[in-house]
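Have the model open beside you as you go.

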Amino acid sequence: MTSTEPRTEPGPGAVRPRHPLRTTRDYRALWAGDAVSQFGSKITEFVLPLLMVTGLHASGTQVGLLQTLYMAPFFLLPLFAGVWLDRRPARPVMIAADLARFALVLAVPVLALLGGLALWHVWLIALLGGSLSAVYDIAATAYLPRLLPAAQLPAANSLVTANQAVGGTAGPGLAGWLAALFGPAATLVFDALSYLASASALMLVRHREKTVRSAAPRDLRRELGEGLRSVLDNPPLRAVAVHAGIYNAGIALLNLAFLMRFVRELGHDSADFGLVMVAGGLGAVAGALTAPPLLRRLGFGPAFLTVLAFSTTPYLLLLTADGGGADLPVSALAYLLGTGGASAGSVIAVTMRQRLTAPHLYARMTATYRLISFGMLTLGTTCAGLLTQYAGARTALAVAPVLLLLSVAPIAGRSVRTLRAIPERPAVDQAADQAAEEASDS
């Protein structure tokens, strides 16, 4: 679909573009389905380990293997999924992934009802579900810039990020209530239905992507190389990817160290910890909604540096926790500000990636970016466990903000710092993109 709506570039003094929720029926359907799906995903994230422990008597190592199997496809699949997705319309792939995840999640309560649920079933479902989620996430990120005018991308990305924050805040509480009411296995039915709702919403989208198909053989090495170069040879995108990798490692270390310090060493109960996490969720929602006006006022680079001040420095407040009455409000404030900055930064980053990438490389660019950021997230989680165990939670909690501050360096470089407006791609460049797409299919 080629939009005829005027496109206004976000930047200092720019005119505020019309909001996609008000102007685009297709985006409303996409956003509504995603909102339901985010809640469902958080239900499973909370309930599945609980089911393994209470119903299948799994050990800590066996529960840990569940997360490992779910995350493994995020490292093994992205580059190949990106090559595959850049040749196909994203919407049908997203629908198929949702329907497959519906069947997978529904299999758990069905097997439990029949008395045949075993650990290997859960592990297999986690591996397959992670594979489907990896493909879906890449397709969804590539789909938005094909669906909407460029000027509406900040607001669209903001609302999708807000969905994730709201789901992360309210989802675990809803999951706990449902699990108490229906039992862990039966609660997974609600997540299965959320995937069905997401697929149904996508079926209501009328926009159809134009694709060029060819029976000519593919050059996988060349196409993989194009995907890698779309990030590594683009200075602003390379800087954002390096920042995301370092930041993810730091936040993984921080979250685990804070849990161990706050609950185990300082003796706060799970209710206090939950309140801190709720504050973080509220901050994430606020940050996501703040990003679009900040982009219009400051431009990309200055806006990114502004939100980084909030996503890095507030976590230093966590070091002041000593078991006293101020621990809860101070920790909640740190997470409120920190997740607010991180959420706004996520909106800015994904909008930059979409705007600075040729359309025929959307999926491959996203795959490369995720490979870097998720790879560092895993490294951070591994280091977090080792550092917390051998150096202590407080030491790990002191190291984490240092990593977060180091992540600012790539964004402070000239390629991002001076980036204010991203000019609309001229017609000649768009024609070149189309020619490149056709050449990659021939």
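Tyr315 is buried, with a relative accessible area of 1% (buried means under 20%, exposed over 50% and partly exposed in between, with a 1.4 Å probe and protein chains only). Please keep in mind that this is a predicted model, where local features need pLDDT of at least 70, side-chain atom pairs count only at pLDDT 80 or more, and totals for chains, interfaces and linings use all residues. Residues are numbered from 1 along each chain as its sequence is written, and side-chain values use heavy atoms, without hydrogens and water.

**Aromatic rings**
- The structure holds five aromatic pairs (ring centres of Phe, Tyr or the six-membered ring of Trp within 6.5 Å; planes under 30 degrees apart are stacked, over 60 edge-to-face, the rest tilted).
- Tyr315 and Tyr335 are edge-to-face, because their ring centres are 5.4 Å apart and their planes stand at 80°.
- Tyr315 lies in the loop between helix H13 (300-312) and helix H14 (327-355), and Tyr335 in helix H14, so the pair ties together parts 20 residues apart in sequence (helices are DSSP runs of H or I, at least four residues, numbered from the N terminus).
- Tyr335 is also buried, at 4% relative accessible area.

**Charges over rings**
- Arg101 lies over the face of Tyr136, at 4.5 Å from the ring centre (CZ of Arg or NZ of Lys within 6 Å of the centre and within 35 degrees of the ring normal).
- Arg353 lies over the face of Tyr369, at 3.8 Å from the ring centre.

**A residue of helix H14**
- Leu333 lies in helix H14 and counts as partly exposed, at 40% relative accessibility.

Methods:
Helices (H or I, at least four residues) and strands (E, at least two) are DSSP runs, numbered from the N terminus.
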